[in-house]
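Please look over the model shown here, and then follow the questions on its helix packing and its loops.

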Amino acid sequence: MSKTFLVYKIIEIMEKSTEYTKFLSSHVSIMTTLLLLALVFLLFMFSKLRRSLLRTLFKILRKISVGFTLKRHSRKLSPASECRLAMVKRKTLVLDMDDTLIKAIVKKSLEADIERNIPFDYRFTLFDNYYTIFVYKRPHLDYFLDTVSQWYNVMVYTTATKFYADPILDFLDNGRGILKKRMYRHNCRFISKVRIKPLSLAFTDLSSVVLVDNSIMECTYNKGNAIKIPNYVIGSLIDNNLLTLLPFLDCLRFVDDVRSILKASNYVQKLPKMSLLVN
Ligand SMILES: [Mg+2]
C-alpha cells in the first residue's frame, strides 16, 4: 500500500467524519428543540407538573441562598465572657409567630387545590376540613431557634388563637422542646380595636425580657423590650433577618437590663435592617 494511498484514505475518513458530525449536530439541535417544545407544551397543559417543577426549582434556589448566607455562631466563649454571663440573669426571648417566624395562607378547603407555586412547608386543616392553612417558614428559622435556645429561655407570644397556633408551633418545634412555652390570643388585651401583648402580664421583671415582633402596634406596651423585625414575605430568597438578628441577641444576653440598650434611640441607626421600638 503506497503512502499516497494511505494519505488519501485518511483524508477521505476525515471528510466523512466531519460530514457525520455535522449531520449529527444538526439532528441533535433539532431533537433538543423538539424536546424543549414538548416540555413547554407539557408544562402549559399540566399545571400540576408546572407547579412541581417550579417548587423543585425554588427549593434548589433556597438551598443555594441558605448556603451562601449561613454563618456559624458556635464559637466558645472566653473565660471572661463566661464569668460575665454568670453574673447576669438568663434572659427570656419572646417570639411573635405570624409574619415573624412564619407566614400562613388560609384558604377554604375547596380552593386549596389552587396552591401557590412556592412550596409550602406544612399544611393542616381546621373546622372539619373547612379551612386549609399553608405554612411557610421564614428562611434560617431552624438555625435561629437552635441557636437562641442555647442563649435564652424561649417562648412564643402570638395574637393567634390556640387551635390555630398550636399545630404550627408543634410543626416548627419538631420535637426539640424549644417552643413549649406559649401565650395566645386569650392572653392578649384588646385596646382601641388592637390586640396588644403586654409582657407585664407574664413577667414581673422586664429587665431580662426581649420581644421580637413584626408589629409595632402589638408591642405598644413593650417599648424598651421589643425589637421590630420586618414582615416575612413568602418566597423572599434574600430574607436574612433572622440571621442578622443573631449577633445582636448574642450581645444582649450579657447586659444587666435589656431596656438600657433597646431604649437607646441612637442605636437605631446602627442596625440598618431592623428598627428598635424606642420611647
Ligand atoms: Mg406578627
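Q: Which residues of α4 meet which residues of α6?
A: Contact here means that two C-beta atoms, placed from the backbone, lie within 7 Å, and helices are DSSP runs of H or I of at least four residues, numbered from the N terminus. This is a predicted model, in which local features need pLDDT of at least 70, side-chain atom pairs count only at pLDDT 80 or more, and totals for chains, interfaces and linings use all residues. Residues are numbered from 1 along each chain as its sequence is written. On the α4 side are Leu141, Phe144, Thr147, Val148 and Trp151, and they meet, in α6, Leu242, Leu246, Leu249 and Asp250.

Q: How are α4 and α6 oriented to each other?
A: The axes, lines fitted to C-alpha atoms over the stretch in contact, with angles from 0 to 180 degrees between N-to-C directions, come within 10 Å for α4 (residues 141-151) and α6 (residues 241-252) and cross at roughly 10°. Angles under 35 degrees count as roughly parallel, over 145 as roughly antiparallel, 65 to 115 as roughly perpendicular and the rest as oblique. The two helices α4 and α6 are therefore roughly parallel.

Q: Is His140 buried or exposed?
A: His140 sits in the loop between β4 (131-137) and α4, and its phi is near 70°, a positive value in a residue other than glycine. A residue is buried with 20 or more other C-beta atoms within 10 Å of its own, exposed with 12 or fewer, and partly exposed in between. Because His140 has 22 C-beta neighbours inside 10 Å, it counts as buried.
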